[in-house]
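Here is a short tour to read alongside the sequence and the coordinates. Please keep both open as you go.

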Amino acid sequence: MRLSKSFIPTQKEVPSDATIPSHQLMLRAGLMRQLGAGIFSFLPLGYKVMKKVMNLVREEIDAIGGQEFHLPALSPIEIWEKTGRVEAFGDILFHIKNRPLVLAPTHEEIIGWVAANHIESYKDLPQIWYQIQTKFRNEPRPRSGVLRGRQFVMKDSYSLDATWEGLDKSYDLHAEAYKKIFTRAGLKFFIVGASSGAMGGTGSQEFMVESPSGEDTCAVCERCGYAANIEVAASNVEKAVRVPANLQLKEIHTPNVKTIDELRDYLKVDESILAKSLVYIQNGIPHLIMMMGNDQLNETKLQTVIGANARSAHPEELAELTGADAGSIGPLGLKGFKILIDKRLENANGLVSGMNKNDYHIGNIDLKRDVQVDGYYDFRTVAAGEPCPQCNEQLRVVNAIELGHIFKLGTKYADALDAKFLDEHGEMKPIIMGSYGIGIERIIACGIEQSHDANGIIWNKSVAPYDVHLILVNSNVENVVRTAESVYETLIQNKFEVLYDDRSNVSPGFKFKDADLLGMPLHVIIGEKNVVKNKIEIKERKSGQRHIIEIEQLISFIKNFYENN
RNA sequence: CGGGGUGUGGCUUAGCCCGGUUAGAGCGCUUGGUUUGGGACCAAGAAGUCGGAGGUUCGAAUCCUCUCACCCCGACCA
C-alpha cells in the first residue's frame, strides 16, 4: 500500500482526552477515531490490525473444533426474560424503543435457543459454537479508550456437552486455545481464578495482562504461580488466637472514637483484637458482618455468600436497626440480624466491638460464648505482602486488564430455555454449557500497552498491520526512487504486506517519525547513501538494530526475520 | 449514580478570574519557491455559530441560569 494514497491520519500531538498509552497511540497512529463515549470508528489501519487479531483467534478456536456462527445483535427481549437476565443486566442492556428487542450484550440466550431447537440426542454432542461479533453494553462509564466501550467486538464461544466430564474437557480445550492465542499475539499474561458474577455457573478463570491501566485487581505469587482476582483471592494471613482466660464482658466508654485506627490508639491495643461491624441488607434482612481490625470487606465475596442484591445499609437504617451510628455497632443485643463473621475471627475471644450505643464499646467479647453466629466465611480483601495461600511467599497485588474469561456455566441456560437432549438411556437431560469470551479490541490495546516506546507502537509480528514499512528517503533522486519502486514490487511478489512511504515533499525525518509511530516490525529504508553502493538499510523497530545489506539479500533477510519466531 | 474537570478553525491550545478594537499562537491544510537521513525554510492564503439555549449589559468567549457533550476519580462491571 502506498502511503501517498492511504488514509492513515497520524498526529504529532497527544489527543487531550486520552490518558493511557494505548488510547493515545491508537489515535495518534490513525487506527481509530472516537465517535462518542465508548464508541469508536476503526479506520483502515486499525481495522487491518483487528482483522489480524480476529484471524489469529479464529485459527485457534477452529483448531479445537469450533464452528463459526454469525448471530444477530438484535434479539427478542422475550428470551432474555426467560433466563432472568433482563433484570440481571439491568441498565447495561440496551433496549430498542420501538420494538420489543434488545441489543445483545453476550449470546448465551441465542446459542441456547438454537440448541433447544436443534440438539436432540447425546449423539449431537459435544459441540463448540462460536462467533466473532459486536456486543453492545450500556456501560455507565466507558473509559480508557477501547478498554471499556459501549460497543465492542468479542469472540464468544459456547460449549454444549452431555456430561460434566465433557464440560471439563471443553473448558480445558478453551483454556489451552486461549494460552496459544495470547502467546501468539505476543502478550505477557497470567491466569486467575475469578468470580462468575452475573453469568452464574460453577467456575471461571480470567486471562489477565498486568497493567496500571487495568480495572481489575489481582493477587499474584511470583514463586508458585498462584494468581487470583481480588474478588476471590485468599491468603495465609494469621488468624485470631483465643486468649486462655475467660474474661467478663466490660463496657468501655469511647467518646468520639469511630474508626478502628482511633480505637486502637485510644485503647492502646493491637488492632487484631478489634472487630469491625458492617451492616448489609439483602432482601430486607439485615446482616451484621464482622471483620478483624482494618481488614477490608470484599463485597463480591459477601454477595457470593448472601446474594447478589446485598447493599450496605444507609446511615438512617443503621440508627434504626442498631440504635447506633457506624463506628459503634457490634454483635451483642441485635434483633432480627443474621451475624456473619470473617474466618479470620473464627471462634475468637477477647475482642472489642461496638456496643450499639454511640461512644461505647464492649471488651472481652467471646464469639463462641457471647454471639449467635450464623456462619464464618472468607470475606477479606487480600492485601499486598500477605503470605501466599499455597507457598507463603509474599503476594503481590497488581492491576490488570481482563482479556478473556472462561466459564463453566452448567445447566442454568439450558434449564431456562428448555434445551434438552435424550441420553443413551432415553432420558431427557439439560445440555451442559460453557461460555468463553475474548475482547478483540483489548488484545490490540494490551499489545500496545505492553509494547510501545516514546516514539510509538511496536507491533508484534503476528498482529502488525503490515510486515514491512518501506521508506523512500530521497524522493527527488531518480535512482533512489527507482530502487524503492522495485523493492516495493519485489516485496509484494514475495507475498509480504508492505506499507510504502512514497510521499514526495515529505522530509526524511517526518517519514522516520511516522514509521516509528506506526510501528511495523521492520523498516526498509531506501536512501541515496546506500543505494549508490547497491545497498539498503533495514531497521528492526523493536530493538532499534540497523542492518546495511545488499539489495539482493533483502527477501532472504525478511523471510529469516519472520520465520525465526 | 456521587465527586472533580473541560468544551475556542482538523489537532494542541492562549484569552475567561478582572466584559470593551478585527479572538491570538504552534502544528496541520492550500498555492508558489527553496529544501531532503530523525517531525525543514521563505512568502502568500483558506479555515472560527468561542458546545447549545436563554438572560444581565450600551457591549459577552469572558458574568448569571439552564442544558448538552466529553474526560478523570469513585460506585458499577460478562
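How many salt bridges does the count come to? The count comes to 39 salt bridges. Please bear in mind that this is a predicted model.

## Salt bridges

In one of these pairs, the side chains of R85 and E108 meet with N and O 2.8 Å apart. This pair links distant parts of the chain, since R85 sits in helix 4 (residues 85-89) and E108 in helix 5, 23 residues apart. Both R85 and E108 are buried. Side chains of opposite charge can pair when their charged atoms come close.

R541 forms a salt bridge with D516, and here the closest N and O atoms are 3.9 Å apart. R541 belongs to the loop between strand 30 (535-540) and strand 31 (546-550) while D516 belongs to helix 14 (residues 508-518), so the pair ties together parts 25 residues apart in sequence. R541 is buried, at 4% relative accessible area, and D516 is buried too, at 9%.

For R369 and D370, the closest N and O atoms of the salt bridge are 2.7 Å apart. R369 is partly exposed at 34%, and D370 is partly exposed at 22%. There is also a network of salt bridges, which links E139, R143, R148 and E215.

## Domains and cores

The domain assignment of chain A gives domain 1 (47-214 + 399-448), domain 2 (250-377) and domain 3 (466-563). Taken over C-alpha atoms, the centres of domain 2 and domain 3 are 68 Å apart.

The largest nonpolar core has 58 residues, and Y178, I181, F182, I443 and W459 touch the most other members. Helix 2 (residues 44-63) supplies the largest share of this core, eight residues. Why does this core lie between domain 1 and domain 3? Domain 1 and domain 3 both give residues to the core, so it lies between them. In soluble globular proteins, nonpolar side chains tend to be buried together.

## Helix 12 and the cysteines

Helix 12 (residues 440-450) is largely enclosed by the rest of the structure, because ten of its eleven residues are buried. Among the buried residues of helix 12 are I440, I443, I444, C446 and I448, and also the charged residues E441, R442 and E449.

How many disulfides does the structure hold? The structure holds zero disulfides. C446 is in no disulfide, with the nearest cysteine sulfur, that of C218, 12 Å away. C446 is buried, at 0% relative accessibility. For C224, the closest cysteine sulfur is in C388, and the 3.6 Å between them is too far for a bond, because a disulfide needs the sulfur atoms within 2.5 Å. C224 itself is partly exposed, at 33% relative accessibility.

## Around Q127

Q127 lies in strand 7 (residues 127-136). Is Q127 buried or exposed? At 18% relative accessibility, Q127 counts as buried, because the cut-off for buried is under 20%.

The side chain of Q127 has a polar atom 2.9 Å from the backbone oxygen of D124. The side chains of Q127 and W129 are joined by a polar contact of 2.8 Å. Leaving out residues up to four places away in sequence, Q127 touches Q67, I119, Y158, S159 and L160.

## Backbone features

The peptide bond from L125 to P126 is cis, with omega near 0°. P126 is placed in the loop between helix 5 (108-118) and strand 7. Most residues other than glycine have a negative phi, and most peptide bonds are trans.

Where is N347, a residue with a positive phi of about 55°? N347 lies in the loop between strand 17 (338-342) and strand 18 (351-354), and N347 is partly exposed at 28%. N392 also has a positive phi, near 70°. N392 is found in the loop between strand 20 (375-377) and strand 21 (396-410), where N392 is partly exposed with a relative accessible area of 48%.

Conventions:
Residues numbered from 1 in each chain as written. Chains lettered and ligands numbered in written order. Predicted model: local features only at pLDDT ≥ 70, side-chain atom pairs only at ≥ 80, totals over all residues. Heavy atoms only, no water. Helix = DSSP H or I, 4+ residues; strand = E, 2+ residues; numbered from the N terminus. Buried < 20%, exposed > 50% of the residue type's maximum accessible area, 1.4 Å probe, protein only. Polar contact = N/O pair within 3.5 Å; in protein donor to acceptor, adjacent residues only side chain to side chain. Contact = heavy atoms within 4.5 Å. Domains from an automatic or database assignment. Core = buried A, V, L, I, M, F, W, Y, C linked by side-chain atoms within 4.5 Å. Salt bridge = Lys/Arg side-chain N within 4 Å of Asp/Glu carboxyl O.
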